[in-house]
Amino acid sequence: MSEMLEYENQILLDVYDEDGLVVLARGLGMERIFTNLLKLYCDPGNLVLVLNTTEQEQEYLMEELEKAETTVMPRIVNNEVGTSERQTVYLEGGVLFITSRILVVDLLTERIPAHLVSGIIVNKAHRIIDSCQEAFVLRLYRQKNKTGFIKGFSDYPQSFSAGFCQMERVMKSLFVRRLFLWPRIHVNVQATMEKHKPDVVELELKMTPAMQAIQLGILDIINACIKEVKQTNPALEMDELTVENAIGKKSLDQVIRRQMDPIWHQLTSTTKQLVSDLKLLRMLMFYLTQYDCVTFYNFLNTLRGGKQAAVNNSGWLFLESTDSVFLHARERIYGSTAKPKKGANSKESKTVATGKNDLVLEENPKWRMLSEIIAEVKEENKTADEPGRVLVCASDDRTCAQLRDYLQDGSYALLKKLYDRTIRSKDTAAAVNIQDKLEAEEGRPSHGKRPLRGKGGRGKKQKKDDEITLTQMTKKTGDNSSDEKQQPDMLPIEPDKASVGDIDVSSLDAYYSIEASSVTVIHPLHGCKDRFSLTRTLREVQPRYVVLYDAEIQFVRQLEVYKCCNPGTPLRVYFMLYSGSTEEQRYLTTLRAEKEAFEHLIKEKSTMVIPAETDDDPQLTKDSASEQSTRKGGGQTPAITEQQKVIVDMREFRSELPSLIHKRGIDIEPITLEVGDYIITPDICVERKSISDLIGSLNNGRLYTQALAMTRFYKKPVLLIEFDPTKSFALQSKTALSREISFQNLSSKLTLLTIHFPKLRILWCPSPHATAELFEELKKSRPQPDGEAAASVTMEDGVPDEGASIHTRYNHGPYDLLMKLPGITTKNCWKILRTVKNLGELSRLSQMELKRLLGTDVNAAKLWEFFHSDYAESTKQQAKNAPKFGRGGRQFGKS
């Protein structure tokens, strides 16, 4: 690990001296600061817990700490570590990467000595919200340990600018009072970067006229779709729905969907399709500047070729701008097509109309510029003492594969290969059809070519090609690596480490051994199997030349940090960008969004209200606010109330509800429950279901088993249906409701469930916050549940205990059979259960004895006749009493 930079040292000193939240601009070395902070705490005398890290991040941090020769390495605590082993690990100390769910349970059960925990480090602190598991962990930790430190890190400032006082709420959840903001324009960062600046060559490229026309057409289509969405939904706030945001923001469709989710079931199919089309048009815009003309034209054909595409379309396929897009996309392959003059019957004029004789196959302008850069590097390497290595970075793996094939085979060969694999077959079939029609009009034979027979194979083949999917198209164009000319050393790296020249490259996403004269490595910026693979490749290759085929602000800053850490190594960066394009707009929008986010945070920091003493934070108090009386008489002694408690199943800690319950001042006791999810009181058992879980449980019958177990062991079983707060508070749409009982209908299944279990109560909650409030109301003036009793309840029938409740004292099988007998009700069954030992003894009782047990003559007669009537006689009697009518009202059958 290289030495830390000046601003990195300052950040580390600030956060080490005082608890706080560090918000750093992306690409400025968050992992380096995080690694050095962990190195300070890697000591058995400390017990530091690290939250919110993925497996890849843990592996990378431990790898960096090992390179730094750390004596005591961190340990990972996950579900593979047993309970007793975890207790030993806690006592051994050091730095622990631990999952939030395990830590919550261990803090509640006091398996971890909270008073011995030195502190907690939170990664990705922008994800900390009031109800998440990490906030629950921090609240439990701060209740039990007032002196330990809490430090948060985040490199995503845009998330703090969304919502009202988002930063203040995050800091309250973290229990920190200091905010450290480090944008790229920070004075210390600027001073450090200015000392060692890389040599940057900005290459502004111009798109071809056809590409410009296509871009203009797509922008017109996006604008038309946005106007249509606004007109059909005037009540919605659509300030963010602009053409600029549609180009610049990667998740605009998700933002629109999030705003429309509460009323999504009320929207028309046209509006839903428009939202989907906006995402498709953004992808089309990306493909224009990213991929070749053949791939783009193929993608366009998939949008217009199939019948399903025409049906599932909001109407933009029929705009004039769409025709312009298709026309110019075709010109990039076949060139401009001139329409034949009227009255011209010559074969030449009709052949020109087809426009498929001469292939143009327009080259991507960035390809040509990349070739010039590689040629320039070769010339410089000839005179250099040591040849410089080249690192080419593109957006995704598909682009990298195309660049590799282009550098090896050339532009025309690559495009011709793609054309032959994707378009040539259907073009050949279409050309044969056109030629046959021309010769049929002129009355001449087809020059020995056999005529097509019927509408068989060729027509089907053409339709299949027209309906080719994007995934299939990607596979076809990505199969160049399996060509016979392809050599084994030009494939992506498969082993853990492959030798490239005199270096070892560990990234599985890199392409290498492309140029014999210099070491050239192509690596994707996004979609890597390992998010740190590009960082490792940069450190392993140590390139002298870096070509940014696609602009990425995070990697640009990584190159700046790399140059500052290696001041003696020359570095030249070629920065390619289409001027006046949507690619440039996306890059500028990303820069502006980060700049505005930091400006918002700086302004909020100056006006933010943070309590002076976090020890008196109201969320650390045990008493619920709803239980405190506002009318306290003078001299009166306040009543001592029992601390509320709820028993929660261990599997429920994946949800946010336990955190919200605890925040309301109710203690949580985690226990593995076989019956129910929450035990509110000794009599109330709750089974919580989300909408998706409810549908699945009704379909596979699991909910019936759960309801049966709850009704057996608890007096008040409850089925809680919890909705997503971001979506509509509706079980199903009005169109799905029906008056008929159907096994496919969700409401019908719930109705049958309530009929079968009359004791079962169904509660509806719009959000987890409402559920926590409901639980608090249900617990008022009621006794607290017993954890041992709740854990002893199992799904299997057991031997009844003498001290068991009336619901669990009897065998379930005979009890269920008893309840099915005629004359037995829920009121008179308990007297029979206390008096009669078994069903055989019940069947031998007289009618008078049954009357004393059941209370009425009618019920006693029904039960006595059931036991003593002959089957044949009862069947004959039922047939006699049944109404028998035929046509015209006459009876039929024997009387």
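**Entry: D649.** I started with D649, which I found in strand 15, residues 645-649. Strands here are DSSP runs of E with at least two residues, and helices are runs of H or I with at least four, numbered from the N terminus. This is a predicted model, so I note that local features need pLDDT of at least 70 and side-chain atom pairs count only at pLDDT 80 or more, while totals for chains, interfaces and linings use all residues. Residues are numbered from 1 along each chain as its sequence is written, and side-chain values use heavy atoms, with hydrogens and water left out.

Is D649 buried or exposed? D649 is buried, at a relative accessible area of 2%. Buried means under 20% relative accessible area, exposed over 50% and partly exposed in between, with a 1.4 Å probe and protein chains only.

Next I looked up what touches D649. Setting aside neighbours within four places in sequence, I listed I671, T672, L673, G676 and D677 as its contacts; contact means heavy atoms within 4.5 Å. For L673 I also noted that its backbone nitrogen lies 3.0 Å from a polar atom of the D649 side chain.

**Entry: cysteines.** How many disulfides does the structure hold? I got zero, where a disulfide is a pair of cysteine sulfur atoms within 2.5 Å. I checked C400: the closest cysteine sulfur, in C393, is 7.8 Å from its own, too far for a bond. C400 counts as buried, with 0% relative accessibility. C565 is in no disulfide either, and the nearest cysteine sulfur, in C564, is 6.8 Å away. C565 is buried too, at 18% relative accessible area.

**Entry: helix 1.** Helix 1 takes in 12 residues, 6-17, and at 1.5 Å a residue it should span 16 Å; I find its end C-alpha atoms 17 Å apart, which agrees. That expected span is 1.5 Å times one less than the number of residues.

Which residues of helix 1 are buried? They are Y7, E8, I11, L12 and V15. Seen down the helix axis, they fall within an arc of 140 degrees, so they line one face of helix 1; the arc is that of the directions from the axis to the C-beta atoms. Their cover includes strand 1 (20-24), helix 2 (30-41) and helix 24 (553-565).

**Entry: the whole protein.** I counted 37 helices and 20 strands. Of the 895 residues, 47% count as buried. Among contacts with a separation of 6 or more, 71% come from residues 24 or more positions apart.

How values were computed: A polar contact is a pair of N or O atoms within 3.5 Å; within protein, one must be able to donate a hydrogen and the other to accept it, and residues adjacent in sequence count only if both atoms are side-chain atoms.
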